[in-house]
Amino acid sequence: MEETRIHWADVIAHAVEGQQVIATGITPSGNIHVGNMREVVTADAIFRAIEDVGKAARLIYVADTYDPLRTVYPFLPAACKKYVGMPLSEIPDPFGCCSSYAEHYLRPFSESLGQLDINPEVYRADQMYKNGLYTDATKVALERRDVIADIIESVSKRKLPAGWSPYNPLCEQCRRISSAQIVEHTPSRSSVQYRCQCGAEGVADYSRGQGKLAWRVDWPARWKILGVTIEPFGKDHAVAGGSYDTGQRIAREVYGYPPPYPVPYGHIHLKGRGKMSSSKGVTITISEMLESAPADVLRYMIIKTKPEKLIDFDPGLGLLTLVDEFDHGEGRAFELSRISEQSCDVPFKHMVTAIQIANDCDELVQVLHRSGYNALDTNALKKRARNVRNWLDRFAPEFVKFQVQRSVPVQVKTLTSGQRKALAKLAAALETNSSDPEWLHNEVYAISEEVGIDSRDAFKAIYLSLLAKTSGPRAGWFLTSLSPEFVIARFKEAAGDMS
Ligand SMILES: [Zn+2]
Ligand SMILES: [Zn+2]
């Protein structure tokens, strides 16, 4: 049993000592997808586990807003070509609605974080540089350029180009951050002289953010600047010779800082489509997913799985199974996944049935009342209804979809006399009690036996006469959700004069 083992987040919480800073970082270069959600949810689970053992912790998120735009991604207007190489924070929003390219992708992500009940302290890399947080780290990196280059070359087994520098100045002329070579370092002025591929020559003041450290140096520098002690990161950074390996050594040998407790995590694959990647279009954004699934269930999917394991995410039937598991949830993964927002008392799966019966909001409330739900908190209720509606439209497998037929379907002609008898008896049963789903469900079995038919044929008759399909939602719960007068009349009509 999984439960007898200590949860992975608690293992980490017990392993660390003293005040903890858990860091996450995602580059806002495109829609932040469900795969990226793993990083922040993993960090948040650790954060909660540490607080639960009474230790002090902070959760931070660094938005890598100062990274250059690497290419014109397929989702960008072709006109963005002129911005390649410029930092994301310095590029105008290609869609015109936010203050910069970076903010355009950060905004929906921040909203998603709120919905996932994750509340980190947010740092923007461009602000950190512009406010001088990196000044000392940059000076040290420039002065110890050779030591750093040796570490990177020997650990990554990769030759650095001649003239490589740990610092990339931002060219004043072309505004690119990865095209200039450093000519001279003047530590007393915190500046470098550079020569850019565009032909410009200039001076960059690194105390004012006129450039940034190369990723492999930026990361360990950041650990020290922010006091990071724990950090989850994608497995690709964790490979031998990867950026965590070089980062560890640079942290110790250049910055005299112990590297954080590493939590490498696996990818989230989209079932049947492989690794999620916004540049390849194999992606569901976090915001999109939160429109179709409960936030706590998405947390649960990640938290119940050990970080190093791959998650094969099926937003269709798989999500429904996950919701079920969560609704019967107990144990540590369930606890760490819960969110503070008032949740809806109507289970997701029941809403899938109810919303397909109801034609509007008022009717939905009636349907839910009939099946025994208070359906009180209208905001939570509306949110769940919206979630389920979106899920049905976007991800649900065909067999869970149905439509209650307004008139008797022609298929009832195919019903056997035994099936007709069963429907007539079921109508009579509903006349005595139409509000107890479990009793009614058992009645279907009892009646089948009475009239001498297979219970499966009785269920088929129910679905055929109401949905013009041979299957549907669990009968007892389905029938009690419908108006009893309607069902009784329909069963009588379908039964013909058998009654
Ligand atoms: Zn925008
Ligand atoms: Zn330039």
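## Basis

In this predicted model, local features need pLDDT of at least 70 and side-chain atom pairs count only at pLDDT 80 or more, whereas totals for chains, interfaces and linings use all residues. Residues are numbered from 1 along each chain as its sequence is written, chains are lettered from A and ligands numbered from 1 in the order written, and side-chain values use heavy atoms, without hydrogens or water.

## Zinc ion (ligand 1)

Asp93 (OD), Cys97 (SG), Cys98 (SG) and His104 (ND1) coordinate the zinc ion (ligand 1) at 2.0 to 2.3 Å. Donors here are N, O and S atoms within 2.8 Å of the metal (3.2 Å for Na, K and Ca); water is not among the atoms, so sites may look incomplete. The four donor atoms make angles of 103 to 119°, and the site is tetrahedral. That label applies to four donors if all angles lie between 85 and 135 degrees.

Along the chain, the donor spacing is D-x3-C-C-x5-H. Cys97 is partly exposed at 43% relative accessibility. His104 is buried at 17%. Buried means under 20% relative accessible area, exposed over 50%, and partly exposed in between (1.4 Å probe, protein chains only).

## Zinc ion (ligand 2)

Four cysteines hold this ion: Cys171, Cys174, Cys196 and Cys198, each through SG, at 2.2 to 2.3 Å. The arrangement is tetrahedral because the donor atoms subtend angles of 103 to 117°. The sequence spacing is C-x2-C-x21-C-x1-C.

Cys171 and Cys196 link distant parts of the chain, 25 residues apart. Cys171 lies in the loop between strand 4 (167–169) and strand 5 (180–186), while Cys196 is in strand 6 (residues 191–196). Strands (E, at least two residues) and helices (H or I, at least four) are DSSP runs, numbered from the N terminus. Cys171 is buried, with 0% relative accessible area. Cys196 is buried too, at 6%.

## Domains and Ile268

The chain is divided into domain 1 (2–157 + 215–268) and domain 2 (410–498). The bounds come from an automatic or database domain assignment. Taken over C-alpha atoms, the domain centres are 58 Å apart.

Ile268 sits in strand 11 (residues 268–270). Ile268 is buried, at 3% relative accessibility. Its C-alpha atom is 37 Å from that of Asn374, 106 residues away along the chain.

## Tyr261

Tyr261 belongs to strand 10 (residues 261–265). At 30% relative accessibility, Tyr261 counts as partly exposed.

Conventions:
Four donors count as tetrahedral if all angles lie between 85 and 135 degrees; four count as square planar and six as octahedral if opposite donors are over 155 degrees apart and all others between 65 and 115; anything else is irregular.
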